[in-house]
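Biologist: Can you put the model up? I have a few questions about it.

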Amino acid sequence: MLNFFIIIVICNALHIMSIAAAGRAAGVRIMAISIGLGPVLIKHNGFILKLLPINGYVKFLDSRACDVSDNDLPFAFDHQSIARQIMIALAGCTVHLVLAVVLVGASAWHDWIAFPVQYVVGALSPFDDAQILLHEAGRLIDSSTFLTLMGIVAAKLAAYHLFPMVGFNGWQIIITLAQHLGLNKFAPDLIYKADAFLTIATSLSWCLAIAYAVRPW
């Protein structure tokens, strides 16, 4: 189990730093890079490290979020081409998938494709199907080598971050495309709230499934 948590930490940092690197390569100004959740441990020159080394974000200069001078507009995320914005959003998932293919070969594609279905099925059935999936995950964690397990986790995380849920890279891509096509004017608040509800509901369902799986009785 320790290997699993180490891999999650490594893959999370890799995801965040890949997005930051893609943004820098595209000429976008980085305002902050934050890794983790909870209390801040380190804060230096825009880099933030928090207590729990999961999740995180990259904050780019964006004229939709703050006032940006005319001279700085070329460095704002929202003033990049749609192709560049999508490339940046996909960077972390792409690096995860490439890492997975390098470590476990063609089976990485199976893990990547299978994970969305597994996530939805488990969220809909936290005490039944989710328990089967968690049992299989536990077996893989116990029996796989470190690098093989990293490949499996990386493939599944590549799929996970592409989910069309609020705060995920998949959601960012959808918003980017909607704004480019002028579709964001159609009930944006309702769509956001509905998607946020689904995001929270599925996350809570999986938390419930995990709690049930590790119950002491």
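Biologist: What follows helix 2, and what is its phi?
Modeller: This is a predicted model. In it, helix 2 is followed by G105, which has a positive phi, near 75 degrees.

Biologist: How many residues are in helix 2, and how far does it reach?
Modeller: Helix 2 has 23 residues. From first C-alpha to last, helix 2 reaches 32 Å, close to the 33 Å expected at 1.5 Å a residue.

Biologist: Where does helix 2 bend?
Modeller: At A91, by about 45 degrees.

Biologist: And is A91 buried or exposed?
Modeller: A91 is one of the buried residues of helix 2. Others on that list include Q85, I88, G92, H96 and V104.

Biologist: What covers the buried residues of helix 2?
Modeller: The cover includes helix 1, strand 2, helix 3, helix 5 and helix 6.

Biologist: Moving to the core. Which residues of the largest nonpolar core touch the most other members?
Modeller: V28, I30, I33, V58, F60 and I88, out of 14 residues in that core. Helix 1, strand 1, strand 2 and helix 2 each supply at least two residues of this core. The largest share, 4 residues, comes from helix 1.

Biologist: What is F60 in contact with, leaving aside its neighbours in sequence?
Modeller: Setting aside residues within four places in sequence, F60 is in contact with I19, A20, G23, V28, R29, I30, M31, F77 and I88. There is also a second, separate core, with 12 residues, including I7, V104, M150 and A154.

Biologist: Back to phi. Which residue other than glycine has a positive value near 50 degrees?
Modeller: N45. N45 sits in the loop between strand 1 and strand 2, and N45 is exposed, with a relative accessible area of 73%.

Biologist: What about N55? Where does that one lie?
Modeller: N55 lies in strand 2. N55 is not a glycine either, yet its phi is positive, about 70 degrees. With a relative accessible area of 44%, N55 is partly exposed.

Biologist: Now F163. Where is it?
Modeller: F163 is in the loop between helix 5 and helix 6.

Biologist: Why does F163 count as buried?
Modeller: Because its relative accessibility is 8%, and buried means under 20%.

Biologist: What does F163 touch?
Modeller: Not counting residues up to four places away in sequence, F163 touches F115, P116, Y119, F168, G170 and W171.

Biologist: And how far apart are F163 and T199?
Modeller: C-alpha to C-alpha, F163 and T199 are 9.5 Å apart in space, and 36 residues apart in sequence.

Biologist: Zooming out. How many helices and strands are there in the chain?
Modeller: The protein chain has 7 helices and 2 strands. Along the sequence they run α-β-β-α-α-α-α-α-α.

Biologist: Why do you say the chain is as compact as a globular protein of that length?
Modeller: Because its radius of gyration is 19 Å, close to the 17 Å that the globule rule gives for 217 residues. As for dimensions, the C-alpha atoms fill a box of roughly 60 × 40 × 35 Å along the principal axes.

Biologist: What share of the residues is buried?
Modeller: Buried residues make up 38% of the 217. The chain exposes about 12,600 Å², and carbon and sulfur atoms supply 70% of that.

Biologist: And what share of contacts comes from residues 24 or more positions apart?
Modeller: Such pairs account for 63% of the contacts in the protein chain with a separation of 6 or more.

Notes:
Residues numbered from 1 in each chain as written. Predicted model: local features only at pLDDT ≥ 70, side-chain atom pairs only at ≥ 80, totals over all residues. Heavy atoms only, no water. Core = buried A, V, L, I, M, F, W, Y, C linked by side-chain atoms within 4.5 Å. Buried < 20%, exposed > 50% of the residue type's maximum accessible area, 1.4 Å probe, protein only. Contact = heavy atoms within 4.5 Å. Expected span 1.5 Å × (residues − 1). Bend = angle between axes of the 7 residues up to and from the residue. Rg over C-alpha atoms; globule rule 2.2 N^0.38 Å. Areas by Shrake-Rupley, 256 points an atom, 1.4 Å probe, with all protein chains shown as cover.
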